[in-house]
Amino acid sequence: MIDCLRRGFRGDCATAGFFLRYHPSNVFGLGQDEEIEDLKASTQDFLDMLESPLNNLELRKESSANWLAQCEQVLQEAVDLLDPSLPSGLVLCEKIGLELPKVAVKFVSLSQACQDHCLSIIEDLAENCSPREMFAAFMEALNMYTTSETLICCIPLVQGLSIVFSRLKRRQGQFFQEASIGLLALVRLAAQDEGGEEEEETPMETVQGMDGHNVFTLGQVRAAIVNDIVQLAQTVRETCDTVGVVEQREYFQQRLGMFALQILGITGEKVACPGTEVPVSVMELAELLPFCGLSLLRLLTGDQIEDLIETTSDEISEQVNGKNTKKLEASKGAALAVYWTLFNNQVAEAAEVTLKSIKEVLQFSGRRGIVAALSVAASLLTGQSSRPLSSVAAKGLALVDTILELVSSLTYSFDDEEAERWLALVLRIIPTLQRLQNVVVYALNVEMRRQGYAAFKKVIQDVVPEAARLQCLQMLINDCVSPSLVSLHLILIKDEIARAWPPSPQQQKEPIRDANPLRERLHTGAFASPFISNDVLDVIGSVLRPKNGTPPDLPDQIDSVQSALNLYRFILIRESSGKTNHTGILSKEALTMARKQWLLPLREHLGGVSVGLMGEADEMSSAMALAIDNLQSVVYRCLELNEEVFAQL
């Protein structure tokens with residue numbers, strides 16, 4: 001009989017109706033004692049029959065319209081056979097339910113009718129079969145189709161999971177823990193852009209239905225998946241309310257809260273669209289956070305994120321990289337939630353958060369809380385690639401600027417300046433500064449680059465303790481791959497040196513009144529700034545003579561080398577003219593070291609580079625030769641000053 005059915009599918013649309021004329025009891029022997037092996041065989045035969053129209057390539061080639069009609073008809077007949085209002089339909093659902101989802105969703109992209117039939121099958125299974133068995137079936141199919149080519153197949157499966165969660169009566173938290181892994185993987189895939197973040201969709205990025213009307217862009221498919229998963233989270237929230245044991249319910253809520261933050265973080269580049277209108281998904285996810293016991297204020301300072309990671313991490317499946325990914329996604333989600341709270345009255349009223357309340361929290365948490373808040377905000381500067389070119393980076397910069405504006409008038413206790421706290425603080429602030437560096441280097445928008453560097457300077461000057469700034473800049477210079485950015489850092493160091501330079505004897509007789517109490521201590525000599533020490537010479541040496549001991553790579557590093565030479569010359573002139581030696585630059589040892597290890601090798605290296613460029617005739621080489629000549633003049637001037645000062649000792 002099965003062979004007859006298969007032969008029927010090789011014909012036209014009319015013979016496909018042969019499938020419906022056979023009652024499912026003929027296929028499965030319902031009401032009879034059936035061996036397990038026979039059941040498996042009959043199940044597979046049923047699924048093969050259902051799938052056979054898809055594999056009828058000969059008919060598809062001859063007449064795509066007839067082929068599509070056959071696919072729609074066989075799926076409609078399957079819906080009729082699975083009708084749960086009939087006893088036979090219920091039995092059939094139970095017998096083939098575990099395997100049917102994997103086959104049924106293959107039809108979903110063909111036409112609107114196939115979509116409707118497929119969703120009807122999934123809903124019948126989810127509503128009438130064992131929820132635990134359907135959970136396993138849907139998750140297996142979901143994992144199978146979580147690929148770029150089959151994303152659309154996941155839409156009915158996510159909708160089916162929502163129904164299943166509403167029917168679970170026990171161990172809901174454990175089921176959600178298992179489901180969240182696959183759902184987050186699906187969200188990550190749905191949030192990806194083909195061909196780069198800035199490219200528009202091409203006509204190839206569509207799912208074309210065979211009916212000529214059912215055409216979906218991949219963007220629509222991805223958006224549907226994200227929306228369906230957000231709706232699933234709402235269903236899980238209702239399920240969470242039914243958990244009777246308080247400890248289990250709280251643990252369930254924590255997992256749901258982390259899930260909501262991660263979804264918001266993963267899809268941030270999609271929901272951070274231009275304009276002031278809040279995306280519905282943001283509102284729905286933001287509303288979940290208070291239910292899960294999460295406070296936007298505590299999320300901003302990072303405390304709750306760390307607690308959630310520790311609470312919701314599985315020691316078996318969560319390795320170090322997994323925890324780092326979770327932290328970044330949750331931080332981005334928290335940052336977006338805070339952003340929309342600050343820049344949209346609707347969200348702010350719902351969250352009962354104001355700028356004043358945020359400022360009070362930052363004041364109370366001190367420098368550590370501010371650094372954590374900046375870290376959360378700067379997480380939005382990390383896109384799907386290393387280059388922050390998407391719209392979400394602009395929102396990240398806006399949030400960073402807002403936090404810096406809030407803390408600009410705050411004062412810190414002197415205890416915050418204790419040396420033993422510097423290293424920990426620097427290590428926490430470095431990732432934020434590196435992300436701001438990426439904006440300066442990679443943003444295509446000139447205004448965004450300027451805004452990024454302005455924020456970078458504010459963090460250095462207003463947040464990082466004065467005693468830790470040089471160390472912080474030194475670490476950034478050591479790891480920076482952009483010579484132009486290193487040059488900017490060296491200019492910033494020069495400005496800090498000028499600001500921290502001790503007053504002359506005449507100035508010391510005049511009272512110093514500075515709005516910044518720490519800066520006043522620097523002026524009065526109560527605190528020795530690292531910028532007025534030989535540590536500055538170490539920074540210069542790291543540029544003029546890198547770790548490998550060879551001269552810097554020229555002409556690639558010409559910007560950073562020139563700034564380092566200018567900084568050396570600036571300090572040399574200032575110390576010699578003021579007859580001081582605060583940095584130790586005027587000692588015989590320092591002068592000899594600078595001449596032999598920095599200046600003379602650099603002069604020789606520049607001569608070789610200049611000779612090499614003379615053989616090039618193109619315009620770029622001519623411009624580079626001019627820049628090398630200018631750099632040589634700076635080297636000669638530094639050598640002259642060095643020798644003059646040395647002769648006077």
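Q: Helices (H or I, at least four residues) and strands (E, at least two) are DSSP runs, numbered from the N terminus; which helix is Asn 642 in?
A: Asn 642 belongs to helix H32, residues 619-648. The model is predicted, so local features need pLDDT of at least 70 and side-chain atom pairs pLDDT 80 or more, while totals for chains, interfaces and linings use all residues. Residues are numbered from 1 along each chain as its sequence is written, and side-chain values use heavy atoms, without hydrogens or water.

Q: Buried or exposed, that Asn 642?
A: Asn 642 is buried (under 20% relative accessible area), with a value of 0%.

Q: What does the Asn 642 side chain make a polar contact with?
A: The side chain of Arg 595, at 2.9 Å.

Q: Which other residues are in contact with Asn 642?
A: Beyond neighbours within four places in sequence, the contacts (heavy atoms within 4.5 Å) include Tyr 568, Leu 572, Leu 591, Ala 594 and Leu 599. Tyr 568 and Leu 572 are among the buried residues of H30.

Q: Which other residues of H30 are buried?
A: Among them are Ile 558, Val 561, Ala 564, Leu 565, Phe 570, Ile 571 and Glu 575.

Methods: Buried means under 20% relative accessible area, exposed over 50%, partly exposed in between (1.4 Å probe, protein chains only). A polar contact is a pair of N or O atoms within 3.5 Å; within protein, one must be able to donate a hydrogen and the other to accept it, and residues adjacent in sequence count only if both atoms are side-chain atoms.
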